[in-house]
Amino acid sequence: TGRPPARAGRPGGSPGAGGASGRKSRRGRGAAGMAGLELLSDQGYRVDGRRAGELRKIQARMGVFAQADGSAYIEQGNTKALAVVYGPHEAIGLRAAPPQIRGSRARALPDRALVNCQYSSATFSTGERKRRPHGDRKSCEMGLQLRQTFEAAVLTQLHPRSQIDIYVQVLQADGGTYAACVNAATLAVLDAGIPMRDFVCACSAGFVDGTALADLSHVEEAAGGPQLALALLPASGQIALLEMDARLHEDHLEQVLEAAARAARDVHTVLDRVVRQHVREASVLLGD
Amino acid sequence: EDLRVDGRGCEDYRCVEVETDVVSNTSGSARVKLGHTDILVGVKAEMGTPKLEKPNEGYLEFFVDCSANATPEFEGRGGDDLGTEIANTLYRIFNNKSSVDLKSLCISPREHCWILYVDVLLLECGGNLFDAISIAVKAALFNTRIPRVRVLEDEEGSKDIELSDDPYDCIRLSVENVPCIVTLCKIGYRHVVDATLQEEACSLASLLVSVTSKGVVTCMRKVGKGSLDPESIFEMMETGKRVGKVLHTSLQSILHKEESLGPKRQKVGFLG
């Protein structure tokens with residue numbers, strides 16, 4: 001997969017963030033009137049005390065559920081996500097209305113596996129209670145983005161006419177939910193033993209005061225500056241998904257992209273360590 | 001001989017793991033792992049207007065989300081049927097005056113009250129859902145901390161609600177009378193407590209009994225396609241009361257022990 005062009009979305013967001021090269025923008029002023037909230041202090045510290053390119057603490061575990069084919073849990077700061085993988089199994093027809101038609105090969109592809117993703121966030125995951133966990137437009141869009149990401153990485157040619165289900169559940173949302181979901185799903189797919197081209201590591205990035213910030217938290221996302229979500233295959237440097245909202249001058253794009261890529265590589269180091277630890281534990285249990 | 005496939009007796013539960021305060025955006029939360037059944041409950045307290053027929057009380061709203069994590073059949077709207085059934089059962093067992101003190105949730109009569117949104121997330125299905133969910137709901141309600149509010153009246157008579165600044169200044173709910181569900185599955189001539197998926201597949205009919213810690217039955221329901229004769233129903237109800245009382249005492253002791261570890265205890269969550 002090549003490098004899709006950055007989708008610079010609607011010109012929303014705040015007037016102050018990401019200004020033209022001649023004009024230095026002062027602190028990221030939020031649309032909700034968070035005047036005075038300094039996203040990047042003069043000494044270079046962010047709201048939660050991190051530096052500009054620093055990631056939040058990542059803790060992860062594979063094999064959380066015994067009944068699923070593969071499962072993983074990840075915590076990136078206060079964002080918690082669970083991913084569960086079922087498959088590869090027989091392709092099921094689309095469940096439009098009950099009763100479900102099982103075994104319908106209507107959606108099966110003859111030369112590769114179908115990747116089916118669902119993104120769901122718990123009703124208690126955000127500060128304001130959500131009414132519907134999934135089925136709304138944002139969740140459907142996230143599901144499609146996850147599907148695009150994983151179709152690029154999973155070796156689908158090895159499993160023709162079958163289906164791989166990836167279900168992601170966000171338990172607590174504190175910014176960077178897409179990135180946490182992709183990272184959790186990577187671990188879950190590895191736990192299920194489905195062959196992949198490479199790890200898929202994702203990270204978000206923003207731009208405030210002329211500096212690119214990596215791994216945005218909810219406070220920084222709500223401030224309204226430009227946000228970039230990047231999913232990277234670290235070994236080859238190929239980009240699986242690149243998505244950006246709000247206005248950003250093209251001179252700054254390189255810098256933000258570089259920050260996100262560097263952060264994604266750092267995530268890869270952590271995930272690699274988690275996988276090796278898990279394999280070591282499993283082989284000890286098997287008595288190898 | 002009172003021996004099941006996994007070595008348990010007919011009235012034994014599998015090993016239950018309970019942990020509270022796992023999600024921080026909520027007023028209270030709990031996670032229960034009963035064998036392969038995994039449930040996460042979050043309680044959010046919001047201010048709203050009381051119901052017309054009960055102007056002096058707050059109320060509880062239940063929502064059950066059967067996540068696709070449990071089985072691919074729950075994808076999209078597939079889990080809605082089971083979710084509605086469980087939510088309706090929860091409404092019924094709490095539909096009496098003594099389970100939760102609803103008057104303590106009232107802020108000012110007819111105008112403001114606390115509404116507790118209890119959201120149940122079903123993560124893995126390993127049999128005996130109702131029991132695990134009711135244990136998780138009780139643990140989450142025990143963990144719920146509702147901020148203390150004061151109602152200030154102006155000279156013009158308009159009311160202003162003031163939330164306390166101190167995050168530790170909150171009211172707790174008394175969960176002494178919150179019931180737990182005990183499911184008894186009839187297999188052959190005997191009945192078993194806490195059935196696994198395989199045992200549920202073998203049983204034709206089950207009885208759901210909702211029991212409080214004092215042994216009071218608040219709700220009873222028969223589920224399943226088979227039929228039960230009246231003597232078995234009485235026997236199962238007696239077993240349910242006995243097992244329920246033991247369940248309540250162990251749950252209370254565990255919750256108090258966890259609470260006594262204080263706010264600095266190490267939280268395990270899904271990482272353990």
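Both Phe62(B) and Phe94(B) are buried, where buried means under 20% relative accessible area, exposed means over 50%, and partly exposed is in between (1.4 Å probe, protein chains only). Bear in mind that this is a predicted model, in which local features need pLDDT of at least 70, side-chain atom pairs count only at pLDDT 80 or more, and totals for chains, interfaces and linings use all residues. Residues are numbered from 1 along each chain as its sequence is written, chains are lettered from A and ligands numbered from 1 in the order in which they are written, and side-chain values use heavy atoms, with hydrogens and water left out.

**Rings that pair up**

Searching the whole structure turns up four aromatic pairs over all chains. Rings of Phe, Tyr and Trp (its six-membered ring) pair if their centres lie within 6.5 Å; planes under 30 degrees apart count as stacked, over 60 as edge-to-face and the rest as tilted. One of the pairs is Tyr86(A) with Tyr167(A), a tilted one with 6.2 Å centre to centre and 55° between the planes. Tyr86(A) sits in strand S3 (residues 79-90) of chain A and Tyr167(A) in strand S5 (residues 162-172) of chain A, so this pair ties together parts that are 81 residues apart in sequence. Helices (H or I, at least four residues) and strands (E, at least two) are DSSP runs, numbered from the N terminus. Tyr86(A) and Tyr167(A) are both buried.

Back to chain B: the ring centres of Phe62(B) and Phe94(B) are 5.2 Å apart and their planes meet at 40°, so the pair is tilted. Phe62(B) belongs to strand S4 (residues 59-66) of chain B, while Phe94(B) is in the loop between helix H1 (80-93) and strand S5 (106-108) of chain B, so the pair ties together parts that are 32 residues apart in sequence. Ring pairs also bring in Tyr91(B), making a cluster of Phe62(B), Tyr91(B) and Phe94(B).

Gly87(A) and Pro88(A) are joined by a cis peptide bond, with omega about -5°. Pro88(A) is in strand S3 of chain A.

**Chain A at a glance**

Chain A has four helices and nine strands, and along the sequence its pattern runs β-β-β-β-α-β-α-β-β-α-β-β-α. Of its 288 residues, 51% are buried. Take Ala179(A), in helix H2 (residues 177-192) of chain A: Ala179(A) is buried, with a relative accessible area of 3%. From Ala179(A) to Asp215(A) is 36 residues in sequence, and 8.6 Å in space from C-alpha to C-alpha.

**A charged patch on chain B**

Glu153(B), Asp154(B), Glu155(B), Glu156(B) and Asp160(B) form a negative surface patch. Such patches are made of residues with over 30% relative accessible area and no salt bridge, like charges being joined within 9 Å; a salt bridge is a side-chain nitrogen of Lys or Arg within 4 Å of a carboxyl oxygen of Asp or Glu. Asp154(B) is in the loop between strand S8 (149-153) and strand S9 (159-163) of chain B, and Asp154(B) is partly exposed, with a relative accessible area of 40%.

Note on methods
Patch = residues over 30% accessible without salt bridge, like charges linked within 9 Å, V, L, I, M, F, W, Y side chains within 5 Å. Areas by Shrake-Rupley, 256 points an atom, 1.4 Å probe, with all protein chains shown as cover. Lys, Arg positive; Asp, Glu negative; His and termini not counted. Charge placed at Lys NZ, Arg CZ, Asp CG, Glu CD.
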